[in-house]
Amino acid sequence: MMFFSPSRIAATPGLWRDWREDVACVFARDPAARGWLEVLLAYPGVHAVLLYRVTHRLWLADWKLTARLLAAFARWLTNVDIHPGATIGKRFFIDHGACVVIGETAEIGNDVTMYHGVTLGGTTWNKEKRHPTLGDNVLIGAGAKILGAITLGNNVRVGANSVVIKDVPACCTVIGIPGRIIQQKGVKIQDPRGIDLDHHLVPDPVGKAINCLVERLDELENNQKRFVVAEETCGSCEAEGVCHGEESPVKLRTAAGGK
């Protein structure tokens, strides 16, 4: 039984360094962070990542049951479910740390940021690569779902509540259900002062389409005002000679031209 007979424990010389980087990156991505003690005590997303660093080492050392038990405890403590078999890079930050799910075969690059409600889920029950792969500097908005063995390139941003089921090239912004690319900068999102968090500036194509429809309606209404509906009798109708009194008495006249 793996729990009682581990072959060996993976070397952990980098655990302390990983923990320090995971905590330090919070100050670059959350303006509300005021001090190390506050981050260590009050950030469940950080707790989840710190515990994952341990469970992942146990998983690699073939202490799989112990890793799963500790991961279950971390989920109970933080409400963040990270499978110990997932591969996560340096300086990983889960802001607000609620209802985040990361599957077993998920792979996450360095400097990735997630918000609450994100799911990196699978789309098959087969024991194979079935979870997403994220590049470096990826930012996933709140509630977004990244499903299947797809790849999101470096510097990709995913809008809140989006559902992404296809590969996304690097430096793209994806929103919607299903997710579609609405912006490709062609340059890195990260600025030299830190992580770019201006996800609130993500373009809204649906809102833009609605605005266009409103403008078209206003234009149609303005054009309609140029016409008046006049009910005339055959005695005063200028078209009397044409309709001979047999057609509808309602005629459209242009107000501007008076014709």
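Predicted model: local features only at pLDDT ≥ 70, side-chain atom pairs only at ≥ 80, totals over all residues.
Two strands count as paired if DSSP finds at least two bridges between them.

- Strand β4 spans residues 100-102. β1 and β4 pair in the parallel sense, over three bridges.

**Nonpolar cores**
- The largest nonpolar core holds 30 residues. Ile102, Met114, Ile140 and Leu152 touch the most other members.
- Four elements each supply at least two residues of this core: α3 (44-60), β1, β4 and β14 (172-175).
- α3 gives the most to this core, with three residues.
- Another core, of nine residues, lies apart from the largest one. Its members include Val23, Cys25, Tyr43 and Phe93.
- What does isoleucine 102 contact, leaving aside its neighbours within four places in sequence? The partners are Asp81, Ile82, His83, Ala86, Ile88, Phe92, Ile108, Met114 and Leu120.

**Helix α4**
- α4 covers residues 64-78, 15 residues in total. From its first C-alpha to its last, α4 reaches 20 Å. That is close to the 21 Å expected at 1.5 Å a residue.
- Thr66, Ala67, Ala71, Ala74 and Thr78 of α4 are buried. They lie on the same side of α4, because they cover an arc of only 135° around the axis.
- An α-helix has 3.6 residues a turn, so residues three or four places apart point the same way.
- α3 and β1 are among the elements that cover the buried residues of α4.
- Just after α4 comes asparagine 79, with a positive phi of about 65°.

**Cysteines**
- How many disulfides does the structure hold? The structure holds zero.
- Is cysteine 25 buried or exposed? Cysteine 25 has 6% relative accessibility, so this residue counts as buried, the cut-off being under 20%.
- Cysteine 212 has a relative accessible area of 38%, so this residue is partly exposed. The partly exposed class lies between the buried limit of 20% and the exposed limit of 50%.
- Cys25 also belongs to the core of nine residues.

How values were computed. Residues numbered from 1 in each chain as written. Heavy atoms only, no water. Core = buried A, V, L, I, M, F, W, Y, C linked by side-chain atoms within 4.5 Å. Buried < 20%, exposed > 50% of the residue type's maximum accessible area, 1.4 Å probe, protein only. Contact = heavy atoms within 4.5 Å. Expected span 1.5 Å × (residues − 1). Arc of directions from axis to C-beta. Disulfide = S-S within 2.5 Å.
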